[in-house]
Amino acid sequence: MSGFNMKSFFSSLIVTLPSSKTLTLGWNFGSMLGMILMFQIFTGVFLTFYYVADGGVAFSSVQYIMSDINLGWVFRVFHFNGASLFFIFLYLHIFKGLFMVSYRLKKVWGSGLLIFLLIMMEAFMGYVLVWAQMSFWAAVVITSLLSVIPIWGQKIVMWIWSGFGVTSATLKFFFVLHFLLPWGLLLLVMAHMIFLHSTGSTSSLYCHGDYDKISFGPYYWNKDLYNLFFFVMFFVLVLIYPFKLGDPEMFIEADPMTSPVHIVPEWYFLFAYAILRAIPNKVLGVVALLMSIMSFYIFLMVSNYTSVLAKLNKFFVFLYIFVSVVLSWLGQCLVEFPFYDLSLVFSVIYFVLVFMLFSIYFLSKYLFM
């Protein structure tokens, strides 16, 4: 009986699920993210066989994987570039949600934001594991930010460091978390899917009613096969330009005595890094950094299942994307005029746009009553 229930459960997720006829390729981003997560876990598990989480030999073990392990370089190149692929589709998935006002599905939106925050933490810890100059000093900078927590901040930082600085013990801590977190993410993604399938996707008609539904399989299985095209493109580009998205400092072993001239995180954190650097006060900077993601939780405070101002919403989402791209560019610029001043201006615009998106969502409830 339990086997039958399990079969019907998975059938309800990927076969008999009622889905809107109007779902375009924009709705492939979610399934693509699921495929990339499995791909990252697969490549990551193989890398753990040969990686050594010890400050003295961690960098050397990565070079050993690249040069001496049979096909080790393939797994490592695919794994660290897979993180960029993940964030490309993660941001596309979020932008699609903003365009289609998907925050009306409260449990889906809330669980999705939690997955986003955990993925950012997961990617940061994986970045540190290389134990190169840039990743080591990124660990020093980012973990130090936790010291702004009242009363317990400094103790939390020292607990994570396992001492008075970022050391080999810190690396072990990050390695264990980096290995365990994806398995928890799998469960969270499953919950995210269950929440989505209990309400149905918001379609391109801005609704999730029962009047235009078809079964998910096999029609949408065929559509999801388009994901394989993007995987082939990814494999080709990674094999031609394996280190295009990396930093030259990642080829230098970590030196606790000498920091890089210009500390820059990976491209997918640049918008948040620009907001952090734009504010001279450390506490306010960390709050702004957190609010750049957490502010989207305010959309859960409104229950608007009527019409929305779709054209106006799209205009502000396009502006939001533009500002996020500009902030990402400013995040890798030097902290000097005019980049510092522009970072402050665009950080303010970023939060104004989030507030405007919320206002459109909130007010449209009363305009269409």
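Rings of Phe, Tyr and Trp (its six-membered ring) count as a pair if their centres lie within 6.5 Å; planes under 30 degrees apart are stacked, over 60 edge-to-face, and the rest tilted. I searched the whole structure on that basis and found 49 aromatic pairs.

My ground rules come next. The model is predicted, so I took local features only at pLDDT of at least 70 and side-chain atom pairs only at pLDDT 80 or more, while totals for chains, interfaces and linings use all residues. Residues are numbered from 1 along each chain as its sequence is written, and side-chain values use heavy atoms, leaving out hydrogens and water.

I looked up F39 and F78. Their ring centres are 6.1 Å apart and their planes stand at 55°, so I logged the pair as tilted. F39 sits in helix α2 (residues 28-48) and F78 in helix α4 (residues 72-99), so the pair ties together parts 39 residues apart in sequence. Helices here are DSSP runs (H or I, at least four residues), numbered from the N terminus.

Are these two buried or exposed? Buried means under 20% relative accessible area, exposed over 50%, and partly exposed in between (1.4 Å probe, protein chains only). F39 is buried at 14%, and F78 is buried at 11%.

I then turned to Y103 and W109. This pair is edge-to-face, with 5.3 Å between centres and 80° between planes. Y103 is buried at 1%; W109 is buried at 10%.

Last, I checked Y51. Not counting residues up to four places away in sequence, Y51 touches A58, S61, V62, I65, L129, L171 and F175. Contact means heavy atoms within 4.5 Å.

Terms used. Helix = DSSP H or I, 4+ residues; strand = E, 2+ residues; numbered from the N terminus.
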